Amino acid sequence: MRYCEEIFQTKRRKTREVKVGSVGIGGGNPIRIQSMTTSNTRDIEATVLQILKLEQAGCEIARLTVQGIKEAESCEAIKSALIQKGCNMPLVADIHFYPPAAMKAVEFVDKIRINPGNFADKRALFIQKDYDDLSYSQELIKIEEAFTPLVEKCKLLNKALRIGTNHGSLSDRIMNRYGDTPQGMLESALEFATICRKNNYHDFVFSMKASNPLVMIKAYRLLSAKMLELDWDYPFHLGVTEAGEGEDGRIKSAIGIGSLLLDGIGDTIRVSLTEDPWAEIDPCQRIICWSNKKLAQKNIPFVETKRNITTLSKSPSVISPPLHPNGSVLIKISKKEFSQQDLSKESDLKPDLIWIEDAEDLPFTRITPSTLETALRSTPSFFLFSCKQGSFAHEGRRLFEFLHTHNIKVPIILYFEGQDLSWEDVVIQASAECGSLLIDGLFDGICLDVKGSYLDKKNLSFAIMQAARKRTTKTEFISCPGCGRTLFDLQSVSKRIRERTSHLPGVRIAIMGCIVNGPGEMADADFGYVGSRPGKIDLYIGKQCVEKNIDFDKADERLIDLIRSHGKWVEPINV
Ligand code: SF4
């Protein structure tokens with residue numbers, strides 16, 4: 001049995017350079033950081049101010065929403081005001097539903113983002129319709145007619161394009177043929193790319209965003225494999241859309257973006273948060289800094305195979321509830337902290353095992369890549385796998401392969417060591433390193449050895465397990481970052497709704513500033529709260545709108561009534 005065999009260096013996928021104004025994406029350029037303004041694009045002063053703040057924070061490309069001709073024309077004034085202030089930040093116009101806005105904005109901005117799901121197609125109605133080959137190809141001709149003028153104009157003016165596919169806004173045509181799937185996202189993006197290529201236009205990048213990191217990772221990997229097959233080299237813009245806010249938003253983004261960067265996929269990133277746009281820059285920088293270090297190390301490429309583990313046994317541990325079949329959370333704490341912590345007062349969210357430092361008779365054996373072979377001679381209930389030197393995620397993939405090949409079925413808990421990290425880096429790195437393995441279905445739990453209180457470590461561990469789709473223990477929020485289309489104050493509404501509903505494990509609530517990305521984005525949610533017009537809210541159950549045009553000040557209560565009437569409400573503890 002040999003563990004350390006061949007080692008490779010994972011390299012970033014080789015892509016062509018696409019110039020967005022003065023900033024190159026792909027090629028030999030560093031991974032670029034992007035964000036989006038939340039101001040009304042017609043409000044020139046407010047938008048310029050936001051872009052200047054973004055630049056100060058380290059953003060390299062800024063996107064603005066462009067709904068119509070007035071917003072497109074505002075781009076000219078925004079661009080020239082920025083230049084007067086010495087800011088040369090490339091601007092991107094975000095277009096949905098209205099090709100004329102793209103045709104105007106392209107004269108002033110450096111790049112156009114189109115959404116293949118709604119550039120030429122209407123918003124999806126989720127209707128079942130049989131498209132035979134003839135009717136399908138007629139729709140494609142319509143798309144080509146609508147899209148070609150923009151491609152020609154981008155080519156003429158030397159402007160870039162993003163084919164920005166979104167899981168939540170696929171067209172009915174695509175969903176009827178391919179389903180609401182990563183494959184559907186791929187096909188949708190390829191249709192538009194084919195039109196670009198037919199016009200000998202190549203200055204475009206792809207994105208394949210979804211609010212579910214698992215869907216997002218699959219879609220980008222699928223696209224990457226297709227690029228290899230087709231011998232295409234267009235750069236990728238990575239992002240988990242509607243990731244939410246605070247730690248949860250950062251965790252989801254770090255898992256989605258981090259997993260792909262470790263695969264060598266990704267040329268520019270955006271962390272979408274329901275916060276001020278400039279708050280998105282810090283997590284971007286942390287993810288890039290971490291992934292650059294990891295990619296500089298020697299790794300092996302990913303091979304996807306599933307390993308069947310033995311059922312986790314009850315362990316003769318310090319505190320020994322049965323470990324969890326969907327993935328376990330272990331908390332390591334000091335003797336002092338353990339004596340101060342009143343565990344009997346804990347709510348339902350208890351770790352599966354508490355490991356008190358210096359405790360003897362532990363039910364597990366710690367392994368690292370260099371101690372693995374010796375450790376395998378012992379027979380613990382489970383292993384704790386750590387890899388402080390080197391890439392934890394890549395070594396984890398290699399370990400998984402090794403165990404799979406040798407039919408070794410002992411459960412493995414990921415042991416992330418980061419005592420020297422700030423809490424902000426712990427959130428990013430633990431999520432990216434452990435999350436990237438857990439979301440691929442590799443390994444059986446998590447233990448964070450980091451600075452922080454028992455409660456912080458426990459909450460972060462469970463949040464990573466949830467974002468990696470292993471184990472759901474709290475309400476899941478999907479909230480958009482906001483933009484110039486937002487119809488209410490997203491940050492305060494999101495905070496209010498969270499405060500009232502965060503005690504509902506397993507319930508998924510989407511909070512969206514408008515319906516532009518379509519009800520499909522709510523497909524992953526049980527309940528949706530969506531701005532429909534100024535001062536009005538629509539409520540959704542899944543993809544279906546069940547209450548329309550509710551007055552804004554009554555909408556929170558109606559949402560809670562809806563949750564209640566669907567049997568998903570429980571009264572919060574201590575109220
Ligand atoms: S869903 Fe949110 S971010 Fe998307 S367009 Fe609407 S307001 Fe803007």
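Reader: How close do the axes of helix α15 and helix α16 come, and at what angle do they cross?

Author: Before the answer, a word on the source: this is a predicted model, in which local features need pLDDT of at least 70 and side-chain atom pairs count only at pLDDT 80 or more, while totals for chains, interfaces and linings use all residues. Residues are numbered from 1 along each chain as its sequence is written, and side-chain values use heavy atoms, with hydrogens and water left out.
In general, two packed helices are described by the angle between their axes and the distance between the axes. Helices (H or I, at least four residues) and strands (E, at least two) are DSSP runs, numbered from the N terminus; axes are lines fitted to C-alpha atoms, for helices over the stretch in contact, and angles run from 0 to 180 degrees between N-to-C directions. Here the axes of α15 (residues 490-501) and α16 (residues 552-565) come within 11 Å and cross at roughly 30°. That makes α15 roughly parallel to α16, given that angles under 35 degrees count as roughly parallel, over 145 as roughly antiparallel, 65 to 115 as roughly perpendicular and the rest as oblique. The crossing of α15 and α16 is right-handed, a crossing being left-handed if the near helix is turned anticlockwise from the far one by less than a right angle, and right-handed if clockwise.

Reader: At what angle do helix α6 and helix α7 pack?

Author: The angle between α6 (residues 182-198) and α7 (residues 213-230) is about 45°, with their axes 9 Å apart, and the two helices are therefore oblique to each other. The crossing in which α6 passes α7 is right-handed. Helix α4 (residues 133-157) also meets α6, the axes coming within 10 Å and crossing at roughly 55°; α4 and α6 are therefore oblique to each other, and their crossing is right-handed.

Reader: How many residues surround the ligand, and which are the closest?

Author: Ten residues surround the ligand, and the closest are Cys480, Cys483, Thr486, Cys514 and Val516; a residue counts as near if one of its heavy atoms lies within 4 Å. This shell divides into five nonpolar, four polar and one charged, where Ala, Val, Leu, Ile, Met, Phe, Trp, Tyr, Cys and Pro count as nonpolar, Asp, Glu, Lys and Arg as charged, and the others, Gly among them, as polar.
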